[in-house]
2 protein chains.
Amino acid sequence: MERMRLLVGGPTTEWTDELTNGQLTGPWAAADRGALRLLEMGQVPVLTVGDFDSMTSVEREETLAKLTRVVSVKPEKDETDLELLLTLVEKDYQPESIEIYGATGGRIDHLLSNIWIFTEPRFKDIASKVTLIDRTNQINFYYPGSHAIQHTPGMDYVGFMPLTPVTGLTLVDEKYKLTDWQGNPYSFSSNEFVGDINHFKFDSGVVAVIQSRDLNGRIKD
Amino acid sequence: MERMRLLVGGPTTEWTDELTNGQLTGPWAAADRGALRLLEMGQVPVLTVGDFDSMTSVEREETLAKLTRVVSVKPEKDETDLELLLTLVEKDYQPESIEIYGATGGRIDHLLSNIWIFTEPRFKDIASKVTLIDRTNQINFYYPGSHAIQHTPGMDYVGFMPLTPVTGLTLVDEKYKLTDWQGNPYSFSSNEFVGDINHFKFDSGVVAVIQSRDLNGRIKD
């Protein structure tokens, strides 16, 4: 399958307008509360992971009756909903790209978990297909090598975030250059694209690239 | 001075009710748009850092006329507003504790920057005094040693987040224990306090402790 969209349970206030307005088509997979929200929008996820412990019992019964395939996380496995969801999506559907919505906002321990998943060796292959998307951010994940990145229309900034210790980080042709940097996790934020496609490379570690925009500024200006 | 509060420019939707309702007293220091918001609430920050580049020119003029002490970040110094603000606060006021509001929500490159600042050696001493606060999260920062942590009323979860490679991470008496863990940045989320005070320790690295709650669940249940 070409593309799959995942909805996890973060607050709807962080959703993109396209998602909020029901303009995004499936196939969808969901974690926990994300499934309820898809059903409310008339979309039935092909796969749902979760024990629905953040729902009321009424919500839970109604939701389970409408879903096709529901898998529960085994508490003793010490695995998050999103980890199990990604594992099943990869095993059963092998999409070429994966867009993840609802992974941001609210609890910051969840956000960091949703980002750091992609530094785990077992998710290395999935990481390169994944985009985390919310109304102000688009996050992609990179392993060592030379990479071309494409500017997403409407995004003002691009940040380079070593998520682990990295070596040899070089920003080749962005507005602010960097040569052969090494260090612990850090946020090189507020860089900008020069043209539509730019390049960066590094020798070891995992790097997140975050394209973002400043909604405050946009609303006021 | 006993306590200082800092307001930086993140979205007001992430503020605590106490901040939104104007119940938090100063002394305040602010970065950029945070200063405007304090003025709107009738509070004049004792110190403001920023070039106000996210404000309109009208906002900028009105704001500067009302502020007492404004310091601009030198672009060539490659320093964020919050880094300069923390440096000046420590140099000129030496508060015993620092509460930071407005550091979360919106741009995730900013959020990660606001968290990872406290892994920089030059902010090691400040890190132990700092609490990042928003409506669903309270974040504290720890360096190697044995630590007692106190449960904040209203928070349901406690997460342990190695922000750098760590060794010897041991969760002594929380609901879910951990012994002598080592590894790269990771999110041990959704742990819980047992009683009011719990303990953890580690041998190297920097760990953030995030107390959080699930607003979705609370609203619906």
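Visitor: Why is R122(A) called partly exposed?
Guide: This is a predicted model, and the values are computed from it. The relative accessible area of R122(A) is 48%.

Visitor: What makes E120(A) and R122(A) a salt bridge?
Guide: Their closest N and O atoms are 3.0 Å apart. The cut-off is a Lys or Arg side-chain nitrogen within 4 Å of a carboxyl oxygen of Asp or Glu, so the pair qualifies. Side chains of opposite charge can pair when their charged atoms come close.

Visitor: Is E120(A) buried or exposed, and how do you know?
Guide: E120(A) has a relative accessible area of 13%. Buried means under 20%, so E120(A) is buried.

Visitor: Which residues are linked with E120(A) and R122(A) in a network of salt bridges?
Guide: E79(A) and E83(A) are linked with them in that network.

Visitor: What makes E79(B) and R122(B) a salt bridge?
Guide: The closest N and O atoms of E79(B) and R122(B) are 3.1 Å apart. The limit is 4 Å, so the label holds.

Visitor: Which parts of chain B does the pair of E79(B) and R122(B) tie together?
Guide: E79(B) is in the loop between β4 (70–71) and α4 (81–92), and R122(B) is in the loop between α5 (108–116) and α6 (124–127). The parts tied together are 43 residues apart in sequence.

Visitor: How many salt bridges are found over all chains?
Guide: A search of the whole structure finds 18.

Visitor: How do you know how chain A and chain B are related?
Guide: A rotation of 180 degrees, with 0.0 Å of shift along its axis, superposes chain A on chain B with an RMSD of 0.0 Å. The two copies are therefore related as by a two-fold rotation axis. In chain A, the C-alpha nearest the axis belongs to G105(A), 3.2 Å from it.

Visitor: What shows that the same surface serves both copies?
Guide: Of the contact residues of chain A, 100% recur in chain B.

Methods: Residues numbered from 1 in each chain as written. Chains lettered and ligands numbered in written order. Predicted model: local features only at pLDDT ≥ 70, side-chain atom pairs only at ≥ 80, totals over all residues. Heavy atoms only, no water. Least-squares fit on C-alpha atoms with pLDDT ≥ 70 in both. Contact = heavy atoms within 4.5 Å. Buried < 20%, exposed > 50% of the residue type's maximum accessible area, 1.4 Å probe, protein only. Helix = DSSP H or I, 4+ residues; strand = E, 2+ residues; numbered from the N terminus.
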